[in-house]
Amino acid sequence: MNNNLASKDKEYIWHPYSSLVGKQDNIVITSANGVFLNTNDGRKIIDAISSWWVNLHGHAHPYIIQKLSEQASVLEHVIFAGFTHEPAIRLAERLLEILPGDQKKIFFSDNGSTAVEVALKMVIQYSNNIGKEPGKVIALEGAFHGDTFGAMAVSERGIFTNHFNKYLFEVDHIPFPEEGQEEYCLKIFEEKLLATTVTAFIYEPLIQGAAGMRIYSAEVLEKLLVIAKRNNVLCIADEVMTGFGRTGKLFASEYMTTKPDIICLSKGITGGTMPLGVTACNAKIEAAFLNPETSKTFFHGHSFTGNPLACAVSNASLDLLLNEGCKKKIEFLNKEHKAFKDKIKASKAIRKISVLGTILSIEIETFVDTGYTNSIRDELYDFFLNRNILMRPLGNVIYIIPPYIIEEKELNFIYEAIVDLLKKRQN
Ligand SMILES: Cc1ncc(COP(=O)(O)O)c(C=O)c1O
């Protein structure tokens, strides 16, 4: 047996989104604190993407760890059907207070895909429960809502779904409301609603993450939501990435007047520490389930639903997030990103650069289509990693979505690396 951790890893473990015959070894992380990931060979890598967008307050935040440890010493887990506990109740109460759109009930699960899965099952059963034949779900082109089957079904058909397309339920994808294409998108949406019965519209509000941090306007989303509501279509906001301050407001749905019926949460809600997913719904959805008949019950649950450790961590993360200091950090990040954007936007190496809240994204000019499989991806990944920065480009799109505690000098270190990359590509 080989004692080297990286080789053992290669031998035993199947990593996500990774080829089993990948050339590079996985990097062994021994500890992490703040924005830094510490490797077993002594490197300190800046986590510029919050470890897949989950970490809000930095790694090993002492307050979160303290609350986790306190919770672990009293109740680590209990079945959540027929039983409950204070951390879950407190979290649900607090979420209902801050979520947009008069949300009435919180349903717990474990990750973003299950939060979406639950939302889809809720809207389908909602129709059944009120005696209506469930219709279609409409989503946006380019959407990514997760890797389970329902979540894949509402996602764009592409590299993440190709092997499974024939097993996915039929979903209509309307054009992405790109700047200049808004009217076209709205027209197609109206046409679909006329042509077929539609139960729900699911969307990543204001920004599609996996599609390459693609931003669209609050004005067009407002119009889409108004049209949906006018046609009695349930609106599902997938705030798995956008929630908890990422777009500058607590939730991206706050940018619109028309609010969703259902909100899916994960990633930020976890404080980056314990897995958690949440599906919140409003009184309209709730009403369809206020029925004692067994057949009307929502038969969905996971062994770790409402895990007390995850709820305690999430409460601790909320304490930090709702603090004035954190709000200032979010504003600071936005200001810095905007200033940096202005500084570099004229570079010929950039096709497009955008800032939304704490997210900065740059589409690198490659003279071929922007996309996840763009061949420049590995080169970009290595460029930043060689400088001890973890970026995980989405094809030719690089982006920063850092923990909010990032310091100015760490942010500048990332910006400088980007400037060097642009210089290199311009020459
Ligand atoms: C908008 C959105 N929804 C759902 C998911 C799936 O979340 P998870 O990876 O936790 O299953 C993601 C993941 O990137 C996402 O960005």
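In which hand, left or right, does α4 pass α10? I found that α4 passes α10 in a left-handed crossing (the near helix is turned anticlockwise from the far one by less than a right angle; clockwise would be right-handed).

Before going further I noted the basis of the values. The model is predicted, so that local features need pLDDT of at least 70 and side-chain atom pairs count only at pLDDT 80 or more, while totals for chains, interfaces and linings use all residues. Residues are numbered from 1 along each chain as its sequence is written, and side-chain values use heavy atoms, with hydrogens and water left out.

Entry on helices. Helices are DSSP runs of H or I with at least four residues, numbered from the N terminus. Axes are lines fitted to C-alpha atoms over the stretch in contact, and angles run from 0 to 180 degrees between N-to-C directions. I looked up α4 (residues 86–98) and α10 (residues 308–321): their axes are 8 Å apart, at an angle of about 40°. The two are therefore oblique to each other (under 35 degrees is roughly parallel, over 145 roughly antiparallel, 65 to 115 roughly perpendicular, the rest oblique).

I then turned to α13 (residues 408–426), whose axis comes within 12 Å of that of α11 (residues 324–344) and crosses it at roughly 25°. α11 and α13 are therefore roughly parallel, and their crossing is right-handed. For α12 (residues 377–385) and α13, I read axes within 10 Å and a crossing of roughly 135°. That makes α12 oblique to α13, and this crossing is right-handed.

Entry on the ligand. I listed the residues around the ligand (a heavy atom within 4 Å), among them Trp53, Phe144, Glu204 and Asp238. By class, this shell has 3 nonpolar, 5 polar and 3 charged residues.

A backbone N or O atom of Gly112 lies at 2.8 Å, a side-chain N or O atom of Lys267 at 3.3 Å, and a polar side-chain atom of Asn111 at 3.4 Å.

Notes
A polar contact is a pair of N or O atoms within 3.5 Å; within protein, one must be able to donate a hydrogen and the other to accept it, and residues adjacent in sequence count only if both atoms are side-chain atoms. Ala, Val, Leu, Ile, Met, Phe, Trp, Tyr, Cys and Pro count as nonpolar, Asp, Glu, Lys and Arg as charged, and the others, Gly among them, as polar.
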